[in-house]
Amino acid sequence: MIRHILRRLLTIPLTLLLVAFVAFIVLRVTGDPVEIFLDINATEEQRQILTARLHLDDPLLVQFALFIRDVLHGDFGTSLQFGTAAMPVVFERLGATIQLVSVALTLAFVLGVGAGIVAAIWKDGLADFTLSGLAVAGQSMPSFWLGILLIQFFALHLHWLPTSGTGGLEHLVLPAVTLATFLLPNFILITRAAVLETVNELYVTTARAKGASEAIVVLRHVLPNAINPVLSFLGLQMGRLMGGSIITEAIFAWPGVGSLIIKSIFQRDVPIVLAAIFVMSIAIVLANLLVDLLQSAVDPRIRLD
């Protein structure tokens with residue numbers, strides 16, 4: 001296991017380099033930060049100063065090499081919007097994003113696995129038909145549309161919850177539910193399929209023959225052997241979840257890294273965007289490593305050698 005962890009950690013620099021290269025090139029070729037950031041009344045001298053500061057007069061590969069040199073020293077540049085170092089600005093927003101993603105992921109996992117088990121146990125019954133139907137419908141529902149509907153109903157119509165922003169737990173409910181719905185349907189369907197595949201195994205039949213209750217059979221024999229496909233799906237979807245958090249934060253004005261990225265892209269604040277992408281990429285890689293370790297802990301048949 002130690003060798004597996006070391007191998008995964010050694011691939012992180014290459015992954016980050018590729019992500020940084022793609023993001024850097026896309027941001028550079030899709031617009032001139034000088035023209036976007038400075039207004040029409042800017043002088044030629046101001047344009048030249050900002051151009052020199054961002055090394056925009058150098059070839060793209062030279063610009064990227066200079067960027068990597070600075071990154072190796074922990075410097076992602078100075079934010080054009082905030083006039084301060086980019087990475088501290090991202091770290092200020094990181095806590096809000098971690099809070100939102102953690103709550104949403106917990107909701108999606110617990111509710112999805114629970115609903116998937118219920119649908120599998122009562123296969124072809126009303127519960128299975130209802131939950132599977134809701135899961136299929138949820139897969140085709142855009143998160144931005146769901147978020148707007150939740151705001152319209154619970155905030156504007158019923159006045160139960162705030163429309164946006166941060167504060168108490170009530171501010172977290174709508175964005176967390178919206179982001180959780182992003183993965184919840186898949187958790188339901190994958191858990192249902194995994195439980196149906198496991199429930200007829202010989203060790204499950206033996207446990208029932210020994211007089212074990214249905215709850216014990218499911219929790220002790222079926223679920224531990226059916227959970228691996230769910231964990232595998234979770235590892236593959238971490239990037240999608242982080243991408244969904246960007247949209248959700250923009251809808252609910254949640255002060256996290258996602259909303260910061262959206263604002264910075266429109267402002268062509270390249271240092272902030274690259275620093276945010278760098279942090280989110282590390283989070284995704286480490287989350288996938290954690291999922292591998294969880295799979296190994298849950299299923300002793302898996303060896304990370």
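Me: What should I know about the model before using any values?
Reply: The model is predicted; local features need pLDDT of at least 70, side-chain atom pairs count only at pLDDT 80 or more, and totals for chains, interfaces and linings use all residues. Residues are numbered from 1 along each chain as its sequence is written, and side-chain values use heavy atoms, with hydrogens and water left out.

Me: How many helices and strands does the chain have?
Reply: The chain has 14 helices and zero strands, where helices are DSSP runs of H or I of at least four residues and strands are runs of E of at least two, numbered from the N terminus.

Me: What share of the residues is buried?
Reply: Of the 305 residues, 42% count as buried, that is, under 20% relative accessible area with a 1.4 Å probe, protein chains only.

Me: Now α7 and α8. At what angle do they pack?
Reply: Helix α7 (residues 143-157) and helix α8 (residues 170-181) pack at about 145°, with their axes 9 Å apart. Axes are lines fitted to C-alpha atoms over the stretch in contact, and angles run from 0 to 180 degrees between N-to-C directions.

Me: Which residues of α7 meet α8?
Reply: S143, L146, G147, L150, I151, F154 and A155 in α7 meet L174, V177, T178 and T181 in α8, a contact being heavy atoms within 4.5 Å.

Methods
Buried < 20%, exposed > 50% of the residue type's maximum accessible area, 1.4 Å probe, protein only.
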